[in-house]
Amino acid sequence: MILKYRPEIDGLRAVSIISVVLYHATLSFKGINIFEGGFIGVDIFFLISGFLITGILILNIKRDGRINFKEFFERRVRRILPALLFVILVVSIFSHIILLPIDLIELSLSALYAILFNSNLYFYLTDLQYGTSVGLFKPLLHTWSLAVEEQFYLLFPFLLFFLKKDLNKIFTVVFLLTILSFFYANLTSFNNF
């Protein structure tokens, strides 16, 4: 069993990328940002990744009766880590030309957290808000979304592993986790504004 190519997923990827690019272009009309909702692109990308990874893992369970964690994690590392290391290298080279020495220390920390796929936690704990002018001088700030995705890759296969005997429970568990996450996000958003 192989996951079939779905052209509509490429269309959704295009929508997500275009919305994020338009958001970052900060196009405005009469002082109003036209594409303020560009973050929906990140949400769409998370949805696509979750859908594809869930499909791959369920196919493994149906085919082999188990999840081959070693193969799964090796594929994720081979796919993501080389590009991430290249970005960090290029950013580091240009940052030595552009940034002040104090900012280079912070860049080093954010690079370390990015490699460990925890940059979302790092930027959260350092009170850096995405989209602020201060964020313009944090060249690895965008790695927060990659960290979220990789954390999903670390946790979700284990959830499926424990539910593999009854795959029908997956929908219920994921639905409950989604509801809990939604309420938690709303609760914390009120505390942060």
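This is a predicted model: local features need pLDDT of at least 70, side-chain atom pairs count only at pLDDT 80 or more; totals for chains, interfaces and linings use all residues.
User: Which residues other than glycine have a positive phi near 55°?
Analyst: Lys30 has a phi near 55°, and Phe117 has a phi near 55° too. Most residues other than glycine have a negative phi.

User: Where is Lys30, and is it buried or exposed?
Analyst: Lys30 sits in the loop between strand 1 (28-29) and strand 2 (32-33). Lys30 counts as exposed because its relative accessibility is 75%. Buried means under 20% relative accessible area, exposed means over 50%, and partly exposed is in between, with a 1.4 Å probe and protein chains only.

User: And Phe117, buried or exposed?
Analyst: Phe117 is buried, at a relative accessible area of 16%. Its loop runs between helix 4 (101-115) and helix 5 (119-125).

User: Back to helix 2. What span should its 25 residues have?
Analyst: Helix 2 (residues 40-64) should span 36 Å at 1.5 Å a residue, and its end C-alpha atoms are 36 Å apart, which agrees. The expected span is 1.5 Å times one less than the number of residues.

User: Which residues of helix 2 are buried, and what do they pack against?
Analyst: Among the buried residues of helix 2 are Gly41, Ile44, Ile48, Leu57 and Ile61. The buried residues of helix 2 pack against helix 1 (7-25), helix 3 (69-98) and helix 6 (143-163). A contact means heavy atoms within 4.5 Å.

User: Why would residues three or four places apart point the same way?
Analyst: An α-helix has 3.6 residues a turn, so residues three or four places apart point the same way.

User: New topic. How many aromatic pairs are there?
Analyst: The count comes to 14 aromatic pairs. Rings of Phe, Tyr and Trp (its six-membered ring) pair if their centres lie within 6.5 Å; planes under 30 degrees apart count as stacked, over 60 as edge-to-face, and the rest as tilted. One of the pairs is Phe69 with Phe161, edge-to-face at 5.6 Å centre to centre and 65° between the planes.

User: What does that pair tie together?
Analyst: Phe69 lies in helix 3 and Phe161 in helix 6, so the pair ties together parts that are 92 residues apart in sequence. Phe161 counts as partly exposed, at 30% relative accessibility.

User: Which residues do ring pairs link into a cluster?
Analyst: The cluster includes Phe69, Phe72, Phe73, Phe152, Tyr153 and Phe161.

User: How many helices and strands does the chain have?
Analyst: The chain has 7 helices and 2 strands. Along the sequence the pattern is α-β-β-α-α-α-α-α-α.

User: And what are its spans, and how many of its residues count as buried?
Analyst: The C-alpha trace spans about 55 × 40 × 35 Å along its principal axes. Of the 193 residues, 27% count as buried. Residues 24 or more positions apart account for 67% of the contacts with a separation of 6 or more.

Technical notes:
Residues are numbered from 1 along each chain as its sequence is written. Side-chain values use heavy atoms; hydrogens and water are left out. Helices (H or I, at least four residues) and strands (E, at least two) are DSSP runs, numbered from the N terminus.
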